[in-house]
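Please open the model in your viewer and keep the selection panel at hand.

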Amino acid sequence: RPPEFPSDTPRGACRDASAHSANVSIATVSHLVLLLASAEGKRASTRASRSRSYARRRSVLTTTLFHVVPVDPRSFRSVLDSPGMSVSHARRGHAIATGFAHPADSAFVAASGAEPQSALVRSAKDVFAGTCGGITVTLVGHPFDTVKVLLQTQSATNPAYKGPLDAASKVVKSEGFKGLYKGVTSPLAGQMFFRATLFFGYARAKEIVGVSPDDPMSYARAGLLAWMAGSFFESPIDLFKSQWQTQIVQAKQNPNYVPPYKTVGECVKASFKHNGIRGPYQAFGATLIRNLPAGAIYFGVFENTKNYLAKTHEDGKPRDWEIMFAGGLGGFFYWSLFYPVDVIKSAMMTDSINKAERKYSGFLDAGSQLYKQGGLRRLYAGLVPCLLRASPANAGMLFVVDKVKQLLG
């Protein structure tokens with residue numbers, strides 16, 4: 001805005017003042033333009049500096065990555081198979097505990113461009129693999145389990161069977177081969193659910209514990225946690241299966257015997273009717289006494305045996321037969337070391353569902369009465385078919401679980 005002058009001011013003075021004011025305005029604007037240009041130049045310089053810094057970081061990362069993980073340009077598979085690329089459960093545990101991933105895990109993501117699997121995806125794979133394992137262990141092991149229960153629950157003074165072969169042959173003669181699979185519906189459905197839960201729990205337990213080949217006992221700790229959770233699902237399955245199978249024994253010993261349950265469903269209803277929600281957990285204490293130490297040994301033997309055999313190969317991977325051998329060995333120790341506890345558990349589970357009609361008041365009472373019937377030999381009744389079942393059934397199950405998880409990625 002041009003300056004205002006009093007009316008009596010000379011015209012020349014007004015022109016000079018207006019010119020001076022215009023010059024000042026032009027200088028001010030020029031100064032502001034220079035300041036803006038300088039600021040924009042500094043911002044451009046900062047952006048260029050950051051760009052160079054990012055380029056240097058990418059160069060260093062790329063150089064480090066390809067020094068740590070030698071890559072065969074002919075095949076990206078060499079990256080996936082590289083020892084540095086393997087993501088161990090210990091690293092997963094480290095990542096969960098600290099919030100940071102292992103460098104090799106980051107390298108894998110950087111090299112492959114793939115996103116890490118979500119917890120939901122990993123859990124779904126564990127559940128599906130465990131379900132497949134449950135089907136395998138049931139189909140392979142149920143005939144042996146039938147014979148084992150028959151020998152465990154028969155009378156010591158008036159046995160119906162002389163041994164495992166006699167028991168199996170008598171069942172086949174009277175009911176055909178399908179007799180060995182009597183009551184398989186409950187364990188098949190139950191084992192699918194139980195094994196899915198077990199291997200899901202084991203995968204999560206390994207992450208919590210932070211298992212490592214350098215700490216052999218870490219697998220045992222994870223196994224104990226997994227079997228503790230799995231016992232809540234296994235115990236009802238065992239109860240109804242045992243109640244159903246023991247009817248065969250009663251029918252052999254007494255021709256006039258009338259089975260109390262025509263279906264597994266009737267057995268389940270009777271359990272809830274007499275004992276409420278605690279009904280399916282008859283002999284649950286005995287299940288825990290067996291499962292906790294046996295489960296720790298089971299997974300501990302399997303994982304450490306598999307790791308030991310894997311070290312004998314250049315690629316650090318166990319062969320299929322070695323996985324099956326490790327699984328069979330784990331199953332053998334699981335059953336052989338704690339078999340007397342399983343005999344007591346079976347006796348309690350085949351006892352009457354109605355508390356008023358039960359023979360055993362508890363775990364110690366059942367063990368004492370069984371020992372009086374035949375000493376230690378009574379506590380090892382049915383051991384042979386049990387061990388014959390343990391190795392192939394567990395070898396098949398753990399092999400299937402391992403392979404399914406590999407195929408799923």
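On a 1 Å grid over the protein atoms alone, a cavity is a set of points where a 1.4 Å probe fits but cannot get out, whereas a pocket is an open set with protein on both sides within 12 Å along at least five of seven lines; lining residues have an atom within 4 Å of a point. Grid points are joined across faces, edges and corners, and a volume is the space filled by probe spheres set on the points.

This is a predicted model, in which local features need pLDDT of at least 70 and side-chain atom pairs count only at pLDDT 80 or more, while totals for chains, interfaces and linings use all residues. Residues are numbered from 1 along each chain as its sequence is written, and side-chain values use heavy atoms, with hydrogens and water left out.

Begin by selecting Asp145, Gln191, Lys241, Trp335 and Arg389, which lie nearest the centre of the largest cavity among its 25 lining residues. This cavity has a volume of about 280 Å³, and a search of the whole structure finds one cavity of 30 Å³ or more. Next, colour the helices (DSSP runs of H or I, at least four residues, numbered from the N terminus): those giving two or more residues to the lining include H5 (119-153), H7 (185-209) and H8 (217-253). The largest share, seven residues, comes from H5. By class, the lining has eight nonpolar, seven polar and 10 charged residues, where Ala, Val, Leu, Ile, Met, Phe, Trp, Tyr, Cys and Pro count as nonpolar, Asp, Glu, Lys and Arg as charged, and the others, Gly among them, as polar.

Now move to Thr246, Gln250, Thr350, Asp351 and Lys359, which lie nearest the centre of the second largest pocket, lined by 30 residues. About 570 Å³ of space lies in this pocket, and H8 supplies the largest share of its lining, six residues. The lining divides into 11 nonpolar, 15 polar and four charged residues.

Finally, select H10 (residues 284-310) and H12 (residues 339-349), which pack at an angle of about 160° with their axes 9 Å apart. The axes are lines fitted to C-alpha atoms over the stretch in contact, and angles run from 0 to 180 degrees between N-to-C directions. Show Ala286, Thr287, Ile289 and Arg290 in H10, which meet Val341, Asp342, Lys345, Met348 and Met349 in H12, contact being heavy atoms within 4.5 Å.
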